[in-house]
Amino acid sequence: MIRCLVVDDEPLALHIVEDYISKVPFLELVKATTNPIEALTLVQEGNVDLVFLDVQMPELTGIQFLKIANGKAKVILTTAYPEYALEGYELDVVDYLLKPIAFDRFFKAVQKAQGILQPSAKPVASIESAPQNDFLSDFIFVKSEHKIQKVYLRDILFIEGLKDYISIFSSGERIITLQNMKKMEDALPERHFVRVHKSYIVSLNKIDSIERSRIWIGEKIIPVGDTYRDQFFKIIDGKNI
């Protein structure tokens with residue numbers, strides 16, 4: 001088992017990573033805390049193998065934490081700010097997860113950590129091998145107005161980019177959040193979602209029909225952009241019978 005520590009000043013972010021850890025058979029949660037000083041003590045005592053570490057925290061930033069820990073545990077950074085990625089990799093982090101974190105992306109990161117910490121272990125072959133994980137139960141959290149909203153991936157029809165905002169269209173509602181398309185694209189499992197246009201990401205499960213360079217999802221017609229056409233139809237061809 002890989003002993004894990006989660007450090008984040010947002011309790012909601014802690015709970016998401018805790019839930020993800022519980023789904024992976026080779027991970028064991030030692031502690032989830034909003035206190036980076038407490039977390040640092042656990043690392044220095046040698047009680048932790050892998051730390052999921054937020055970057056922006058009031059008492060001690062993630063980068064400061066990394067420097068003080070001095071390699072006594074492997075670290076996966078979790079943050080909403082991509083600008084810290086380079087400095088994190090210079091400090092030898094295992095991976096860098098941008099919030100909102102989808103389980104698919106989380107699992108890739110911990111597989112990488114397992115390869116480093118347990119090189120002789122038999123790897124979990126695929127995301128489906130992890131108990132309890134299923135596309136039907138996976139979700140992300142997004143900030144919308146004055147609340148943080150849970151969105152199940154199974155409910156998403158498509159996502160539309162609106163300059164600095166995106167609209168998530170689900171089977172029951174439309175959620176507008178301050179986010180960019182690239183970050184959302186990276187957070188979604190590529191087995192189920194595909195970018196088809198600079199302004200659209202679609203759920204492959206929700207496509208009703210395709211005609212030339214147009215996709216029908218219910219009554220909505222979504223264009224396939226020239227930049228994304230070849231990759232999209234390559235995916236579709238792979239599902240043809």
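Colleague: Which residue in β5 is the bridge partner of Thr-79?

Modeller: Leu-98 is its bridge partner there. Keep in mind that this is a predicted model. Thr-79 itself sits in strand β4.

Colleague: How many bridges join β4 to β5, and which way do they run?

Modeller: Four bridges, and the two strands run parallel. β4 covers residues 74-79.

Colleague: Is Thr-79 buried or exposed?

Modeller: Buried, because its relative accessible area is 0%.

Colleague: What is Thr-79 in contact with, leaving aside its neighbours within four places in sequence?

Modeller: Asp-54, Val-55, Tyr-96, Leu-97, Leu-98 and Lys-99.

Colleague: OK, zoom out a bit. What's the strand order in the open sheet with parallel pairing?

Modeller: Five strands, ordered β2-β1-β3-β4-β5. β2 (27-33) and β5 (95-98) are the edge strands, each pairing on one side only. On average, neighbouring strands in this sheet are turned by 20° against each other, ignoring direction.

Colleague: And which strands does helix α2 lie across?

Modeller: Helix α2, residues 36-44, lies across β1 (2-7), β2 and β3 (50-54). Relative to β1 it runs at about 160°. Helix α3 (residues 62-69) also packs on the sheet, where it touches β3 and β4. The direction of α3 makes about 150° with that of β3.

Colleague: Switching to the antiparallel sheet: what order do its five strands take?

Modeller: That open sheet goes β10-β9-β8-β12-β11. β10 (174-178) and β11 are at the edges with a single partner strand each, so one side of each has no neighbour in the sheet. Neighbouring strands here are turned by 20° against each other on average, direction ignored.

Colleague: How many residues lie between β11 and β12 in their hairpin?

Modeller: Two. Phe-193 has Ser-203 of β12 as its bridge partner, and Val-194 has Val-202.

Colleague: What about the other neighbour of β12, how many bridges join β8 to it?

Modeller: Three, again antiparallel. Ile-159 stands opposite Ile-201 of β12.

Colleague: Which way do the side chains of β12 point?

Modeller: Tyr-200 and Val-202 go one way, Ile-201 and Ser-203 the other, and all of them are buried.

Colleague: Where's the nonpolar patch on the surface?

Modeller: Leu-162, Tyr-165, Ile-176 and Leu-178 form one, with about 370 Å² of accessible area together. Leu-162 is in strand β8, residues 156-162, and counts as partly exposed because its relative accessible area is 31%.

Colleague: Now the charges. How many salt bridges does a search of the whole structure find?

Modeller: It finds 16. One of them joins Asp-8 and Lys-99, with the closest N and O atoms 2.8 Å apart. Asp-8 is in the loop between β1 and α1 (11-22) and Lys-99 in the loop between β5 and α5, so the pair ties together parts 91 residues apart in sequence.

Colleague: Are those two buried or exposed?

Modeller: Both count as buried, Asp-8 at 2% relative accessibility and Lys-99 at 18%.

Colleague: And what does Glu-38 form a salt bridge with?

Modeller: Lys-31, with the closest N and O atoms 3.4 Å apart. Glu-38 is partly exposed at 31% relative accessibility, and Lys-31 is partly exposed at 32%.

Colleague: Which residue does the side chain of Lys-108 meet in a salt bridge?

Modeller: Glu-190, at 3.7 Å from N to O. That pair links distant parts of the chain, since Lys-108 is in helix α5 and Glu-190 in the loop between α6 (181-187) and β11, 82 residues apart.

Colleague: How exposed are Lys-108 and Glu-190?

Modeller: Lys-108 is partly exposed with a relative accessible area of 37%, whereas Glu-190 is exposed at 58%.

Colleague: Last one: how many helices and strands does the protein have?

Modeller: Seven helices and 15 strands. Of its 241 residues, 47% count as buried.

Key
Residues numbered from 1 in each chain as written. Predicted model: local features only at pLDDT ≥ 70, side-chain atom pairs only at ≥ 80, totals over all residues. Heavy atoms only, no water. Pairing = 2+ DSSP bridges. Axes fitted to C-alpha atoms, helices over the stretch in contact; angles between N-to-C directions. Contact = heavy atoms within 4.5 Å. Patch = residues over 30% accessible without salt bridge, like charges linked within 9 Å, V, L, I, M, F, W, Y side chains within 5 Å. Areas by Shrake-Rupley, 256 points an atom, 1.4 Å probe, with all protein chains shown as cover. Salt bridge = Lys/Arg side-chain N within 4 Å of Asp/Glu carboxyl O. Buried < 20%, exposed > 50% of the residue type's maximum accessible area, 1.4 Å probe, protein only.
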